[in-house]
Structure formats: C-alpha cells, structure tokens
Amino acid sequence: MRAFLLRFIAVLSLAAPAQAFDTNARTAWVYDVSTSTTLMEKNADEAIPPASMSKLMTVYMLFEALEEGRVQMDTRLPVSTKARQMKGSTMFLNEQDRPTVEELIKGIIVLSGNDACVVVAEGLSGTEDAFARQMTEKGKELGLTQSTFANASGWPDPRHRMSAHDLGILAQHLIEDFPDLYKNFSLTEFPFDNRAPANRYNRNPLLKLGIGADGLKTGHTQEAGYGLVGSAVQDGRRVIFVITGLPTETARAEEAERIVNWAFRQFTMQTLVPAGQNVVEAPVWLGTTNRVGLTTRDGVRVLIPAGAQDQVKVEAVYDSPIPAPIKKGDRLGDLVVTVPGAKDAVTPLIAMQDVPEAGFAGRMKGAVMRLGHKAFEAVGL
C-alpha cells in the first residue's frame with residue numbers, strides 16, 4: 001500500500017499582513033481558547049516570581065473544595081494570628097472574625113487579600129505549609145510544569161515560582177472547570193464590612209472598559225514587577241493572556257488593553273470545513289463499494305492572521321486504497337491546516353459510513369483489477 005496525498009489550497013481575499021506584537025512585558029503568553037492557538041509567547045516557560053497572580057491556585061483549590069462538598073458558601077473559617085498579621089493587600093481580618101467561604105472568595109479575587117489566603121489554606125489543610133505542598137501537587141495534575149508553591153498568597157519566596165504559560169493554563173482550568181464560580185472574577189468591587197472603603201475595588205484595569213474582559217488576577221511585588229492574568233470574550237471568541245514584569249501599574253493597564261485589541265483585531269476566525277461535510281472520497285480496497293467519504297467530527301475552525309488568507313493550505317492525508325472492512329467513525333487519515341506563523345492544525349478524518357468487506361467474488365475481482373493496475377505500472381502505461 002502506498003501513501004497518497006490529496007492537497008487542496010483555500011484561496012481567500014488578500015489584505016494587509018498581520019503585525020507581530022512586540023510586548024514590553026518581561027514574559028508573556030497569549031492564547032485563543034476557541035481554536036487552541038498560541039498567538040504569542042515571550043519567555044513563556046521561564047519560572048518567575050508570580051506575586052499575587054499565584055492566588056489563582058489558592059482560588060482553584062477552594063473552588064475544588066466547594067465542588068467536592070468539603071465546604072459550602074456559608075461555611076465560616078477561623079482567622080489565626082498569622083493570618084491577621086499578613087502585610088500587603090488584606091481584608092483587615094482579625095482573630096474575632098469568622099468570614100464565610102463566599103466572603104473569602106471575593107476577598108481574594110477582588111481585594112487580593114493575603115490574610116484571606118492564609119485563612120483558606122489553614123481552613124482546608126491545617127497549615128499553610130501543607131496547603132502549599134498540595135498546591136504544588138495539584139499544579140502537576142493540571143499540567144503546570146514550572147510551578148512550585150511556598151505559600152498561599154504569592155508572598156515573595158525564592159521557592160515560589162510559576163511561568164506565564166502555567167498561569168495561562170491555570171486560568172483556562174478555572175474558566176472551564178468551574179464556569180459558575182468563575183463569574184466571581186468579573187466582580188468590580190467588594191466592600192467587605194466597610195473596613196477599607198478605598199480598597200474595595202478590583203485592581204483588574206480591563207473590567208470597566210467594555211471589551212469583554214471577565215477576569216482574572218493582577219500581581220505586583222518589587223521583584224516581579226506588575227503583572228496580569230487576563231481573559232476576554234468577543235463574538236464568541238475567548239482569549240487568555242498573561243503579562244509580567246511591567247514597570248508601573250499604568251504600563252500594565254496599557255499593555256493589557258493593547259494585547260486584547262491586537263488579539264481580536266489581527267486575527268479572524270474562519271470555518272474551513274463545516275462539521276459533517278464530505279471532505280474527500282477515498283478509494284477502498286476489497287470493499288462492497290470502491291469509495292468512502294471522509295469527514296471531520298466537529299468541523300475545522302482556524303484563526304488566520306489578517307492578510308494571510310491566501311497562504312492557508314488544507315491537506316487531506318491518508319493511505320490509499322483503504323482496506324475494508326471500514327466502520328463509520330473510524331479514523332482513516334488527517335486533515336492538516338497550515339497557517340503562516342502557527343503550528344499545523346491536525347484534525348482526524350473519519351469514515352462517513354460503514355463499508356463491509358466484499359464477498360469472495362468481489363475480492364477476486366478486486367485482486368484481478370489490482371494485479372492489472374500493477375502490470376500497467378510496470379510497463380509504464
């Protein structure tokens with residue numbers, strides 16, 4: 001059996017070429033969720049101090065405890081002296097407080113409360129050290145390859161590291177694993193007990209801009225600089241991005257908005273193959289029919305940089321002829337989409353119908369035809 005390649009190229013309209021994004025961030029990662037496409041990365045796998053952005057893992061652990069029924073929204077947790085003594089951003093909790101899980105979620109997401117993180121860590125695991133070890137293990141389960149946690153709040157510690165890529169993966173897990181709870185990330189303020197009116201606003205600069213932003217978390221320390229894990233949705237497309245190491249709060253806000261506008265303006269979504277469409281008729285060997293239709297299960301949608309439409313290539317790749325028997329849904333090849341500047345997108349090609357093996361007479365006829373074909377090939381006809 002010889003390899004056979006069917007190639008067809010989609011030629012669309014020509015426009016100005018897409019411009020690469022030159023970010024001022026120390027590390028960055030931009031990802032289109034709908035097409036699983038990395039749009040841009042800069043030092044994205046470098047382990048760096050994540051500051052308060054690592055609070056996303058503390059929130060993930062708390063969301064998981066809620067889903068598993070270990071705590072409820074109205075569960076009240078004690079506040080230790082250690083929690084009360086936390087510096088930096090806090091909810092101004094004290095030992096007499098018994099905040100609810102719901103209040104702690106908002107206190108971490110909106111107020112970036114370091115004290116709230118310690119309360120959650122001690123409430124779920126007994127000690128913050130034990131919680132940090134569990135955070136590291138959970139990170140491995142989630143596919144975070146450059147993440148180790150020393151505490152629940154992101155307080156500076158040489159053992160506390162994440163990469164921009166890991167922060168983006170964690171953001172996607174929060175969005176997809178907890179769709180109802182994720183809504184807390186779009187809260188713009190939380191005036192907890194009116195203890196610090198000036199500290200009641202969410203630090204995420206994108207939430208009030210009307211650009212579809214709905215999360216997730218800012219971070220800042222002297223070592224880490226200013227960073228943001230963000231996400232926005234426009235016209236059904238979700239983009240997740242991570243930027244770190246900006247010099248000022250203003251620079252962070254401007255860079256985040258620039259990235260969102262670039263991600264949605266410089267790329268267009270194209271449906272190259274609708275779900276269920278017959279992509280190609282492939283020859284069948286010794287079947288009751290001599291052709292089988294190949295299709296994709298969910299269709300093929302890709303992001304195309306502005307101006308690169310005429311450079312998109314779509315290739316159906318399979319071995320030919322395909323031997324019977326064939327069952328509907330069998331993977332028989334791949335549809336390979338090549339977009340300039342991106343990794344090839346590979347989608348399985350599956351059989352559209354059953355093709356039983358031919359009976360004895362059919363197999364004999366097929367064998368004779370096959371021998372005849374080889375004979376013609378041998379003499380160059």
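In this predicted model, begin by selecting helix α1, residues 55-67, together with helix α3, residues 101-109, whose axes come within 10 Å and cross at roughly 160°. Because that angle is over 145 degrees, α1 and α3 count as roughly antiparallel to each other. The crossing in which α1 passes α3 is left-handed.

Next, show the side chains where these helices meet: α1 contributes K55, T58, V59, L62, F63 and L66, while α3 contributes V101, I105, I108 and I109. Coloured by residue class, the contact of α1 with α3 divides into eight nonpolar residues, one polar and one charged.

Now move to the loop between α5 (128-142) and α6 (164-177), and select R161, which is found there. Is R161 buried or exposed? Its relative accessibility is 18%, and because buried means under 20%, R161 counts as buried. Follow the side chain of R161 to the backbone oxygen of D157, which it reaches at 3.2 Å. Then display the surroundings of R161, where, leaving aside neighbours within four places in sequence, the residues in contact with it are A47, I48, P49, P50, Q146, S147, T148 and E223.

For the last stop, select S163, which is found in the loop between α5 and α6. S163 has 0% relative accessibility and so counts as buried. With neighbours within four places in sequence again left aside, S163 is in contact with A44, D45, E46, Q146 and S147.

Notes:
Residues are numbered from 1 along each chain as its sequence is written. This is a predicted model: local features need pLDDT of at least 70, side-chain atom pairs count only at pLDDT 80 or more; totals for chains, interfaces and linings use all residues. Side-chain values use heavy atoms; hydrogens and water are left out. Helices (H or I, at least four residues) and strands (E, at least two) are DSSP runs, numbered from the N terminus. Buried means under 20% relative accessible area, exposed over 50%, partly exposed in between (1.4 Å probe, protein chains only). A polar contact is a pair of N or O atoms within 3.5 Å; within protein, one must be able to donate a hydrogen and the other to accept it, and residues adjacent in sequence count only if both atoms are side-chain atoms. Contact means heavy atoms within 4.5 Å. Axes are lines fitted to C-alpha atoms, for helices over the stretch in contact, and angles run from 0 to 180 degrees between N-to-C directions. Angles under 35 degrees count as roughly parallel, over 145 as roughly antiparallel, 65 to 115 as roughly perpendicular and the rest as oblique. A crossing is left-handed if the near helix is turned anticlockwise from the far one by less than a right angle, and right-handed if clockwise. Ala, Val, Leu, Ile, Met, Phe, Trp, Tyr, Cys and Pro count as nonpolar, Asp, Glu, Lys and Arg as charged, and the others, Gly among them, as polar.
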